[in-house]
Amino acid sequence: MAAPILSERDLQFMLYELFDAEALTERPRYSDHSRETFNASINTGRQIAEKYFIPIRQKVDTDQPTFDGEKVHMIPEIKTAVDAATEAGFVSATADYELGGMQLPPIVASAASAYLTAAGSTTLGYLSLTNANCNLIEAHGTQEQIETWVRPMREGRFAGTMAMTEPGAGSGLADLTTSAVKSDDGSYRVTGSKIFISGGDHELNENIVHLVLARVKGAPKGVKGISLFIVPKFLVNEDGSLGERNDVALAGLFHKMGGRGQTSTALSFGEKGGAVGYLVGEENKGLSYMFHMMNEARIMVGTGAAVMALTGYQYSLHYARERPQGRIPSQKDPNSPPVNIIEHADVRRMLLAQKAFAEGGFALCLLGAQLADDEKTAPTEEERQQAHLLLDFLTPMIKSWPSEYGPEANDLAIQVLGGHGYINEHPVEMFYRDNRLNPIHEGTTGIQSLDLLARKVPMNNLAGYKACLAEIQKTISQAEGGELAAEAAQLTDALATLQKTTESLLGAMMEKPIDLALANSVKYLDMFGHVVIAWLWLKQGLIAQQKLGSDPGFYQGKLQAMRYFFRYELPLIEVWSKVLRDLDSTCLDMQDEWF
Ligand SMILES: Cc1cc2nc3c(=O)[nH]c(=O)nc-3n(C[C@H](O)[C@H](O)[C@H](O)COP(=O)(O)OP(=O)(O)OC[C@H]3O[C@@H](n4cnc5c(N)ncnc54)[C@H](O)[C@@H]3O)c2cc1C
């Protein structure tokens, strides 16, 4: 029997026990839905994954897209899979009915697309980017732009991209040089080079709608001079039919370590005089609009990383249950049959670590999806504002924690399989390669850590920070005096460590050189992330403790993974806290010539 792609039981737990997704049907936006329609969409995701994505998974990995100088070529099965997922509504799962969407709550859409992510994250990537592109134009574009670009994207005729990165501007978008000049008809002519643009060219759709960051001639330097443009591959006539080819050329494809289903492109804008671009919103406000897409993409990236960790965990668990090898230390008789490797404590350690990272990280991403929904559809204005505050604060962690610990989980999945994990007969090495992108794109871990410590923590008089701590405190209060009192006490101590560290860093940011105060920001992100994941494990533990009798195997597993995280991982924050509070300058002081 093949390994399951994901645990159906755990998905149900996450949706209906940890996050009460069923209660969302009481909100007017979701009144047509029910637990049945939610589960039906999850089943559709699973079926498409099994029918179209899993059978081509290895071929997608080995047969990368190629470019013959004119067109991109890829295995035809990718189009079949993309079309099947499009047909089933995965470009528009959360969109309004009137734009062709299914109006599913984001948390349900995340669970439904988890199967597709697990089975082929970068094949699904074409749809996810298109959806996020549509969401941005719906939020900041004109009605005409929505009709011209969003509608065909929602219908699956056009695809969408986000085009920010340039050869000289990756993490530092402030230095981007792509330029735009306004022409007499009100449109712009865009010129410049973009690299690493996912889905930047292919033949899967009739047209591709690039959302391009560029600088209008004469705009101020830095992020305050960046504007956002819709630059299509083909222009569109007034009646909606495709017009002539725009001045956007594919300069080449990148060949990657993983994630090979989706093209990674170098795009050249304006080689023949300027690509036609249409301004979104106002000039010089482009980066703030793009954050609409980036914030969504950051949750998507974290979710992808967590889901790949989940699927690697399931695969290695299945393998460990079937692979006989060696004997446990107390049983040395060579006449006894070898045990399945799941009997070895160290293999259990590797499985438990994966479970703790993957299910903890996925819970964080689903929380993000729920908050993104709550900020729009929660019943009261106060709840909506609270959700906005929390989501904004948590976004760097939602993006980065699963992206760092997801590949670590996949690394352990390889180790569980031993030599068999290192060869491509099993997909675990591919999961690792695919997942390894996640700490890099949509803002590297280093950039996210600076965003957390230098911006999100001090912002609005520490409002997001305090709101997050208050949520954690609520769960601690529920656990105090009960079966999980020891974990509640440990998390109380961890919160105290976090607060002490934060106060000391905020003080240093005022009184010491800022480079020193921020030098170990990644360790701060790690520390905060660990506290947040411990909180989400305590939440899961509380439910498991309460329901233990009804499904002992499942809930014992939850409790044991919680214990693992509290005993093996959470104590690490003390080491990181010391480095941070000491303003350790080992890295900062290291000189170029000393390496
Ligand atoms: C497969 C793939 C798909 C991608 N898809 C897209 C896409 O669709 N659209 C798009 O626009 N871009 C895309 N990107 C680009 C991606 O977002 C960038 O690669 C990423 O933001 C990092 O930029 P860079 O590669 O130029 O690295 P650099 O910015 O050069 O960073 C290199 C290293 O320096 C560190 N660093 C840089 N600046 C700082 C700083 N100020 N403080 C501390 N450390 C710093 C980074 O953390 C990193 O470790 C994609 C990239 C890849 C590989």
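This is a predicted model: local features need pLDDT of at least 70, side-chain atom pairs count only at pLDDT 80 or more; totals for chains, interfaces and linings use all residues.
**View 1. Residues around the ligand.** The ligand is surrounded by 18 residues, and the closest are Met162, Thr165, Ser171, Ser198 and Thr444. Residues are numbered from 1 along each chain as its sequence is written, and side-chain values use heavy atoms, with hydrogens and water left out.

View 2. A polar contact here is a pair of N or O atoms within 3.5 Å. A polar side-chain atom of Thr165 lies 2.7 Å from a ligand nitrogen atom. For Ser198, the distance to a ligand nitrogen atom is 2.8 Å. A side-chain N or O atom of Ser171 is 2.6 Å from an oxygen atom of the ligand. Taken alone, the ligand exposes 970 Å² (Shrake-Rupley method, 1.4 Å probe); the protein buries 61% of that.

**View 3. Strand β7, residues 227-232.** Strands are DSSP runs of E, at least two residues long, numbered from the N terminus. Ser227, Phe229 and Val231 point one way. Leu228, Ile230 and Pro232 point the other way.

**View 4. The partners of β7.** Two strands pair if DSSP finds at least two bridges between them. β6 (residues 207-216) pairs with β7 in the antiparallel sense over 6 bridges. His210 stands opposite Val231 of β7. β12 (residues 275-279) and β7 also pair in the antiparallel sense, over 2 bridges. Tyr278 in β12 is the bridge partner of Ile230.

Notes
Buried means under 20% relative accessible area, exposed over 50%, partly exposed in between (1.4 Å probe, protein chains only). Helices (H or I, at least four residues) and strands (E, at least two) are DSSP runs, numbered from the N terminus. A residue is near a molecule or strand if one of its heavy atoms lies within 4 Å of it. A polar contact is a pair of N or O atoms within 3.5 Å; within protein, one must be able to donate a hydrogen and the other to accept it, and residues adjacent in sequence count only if both atoms are side-chain atoms.
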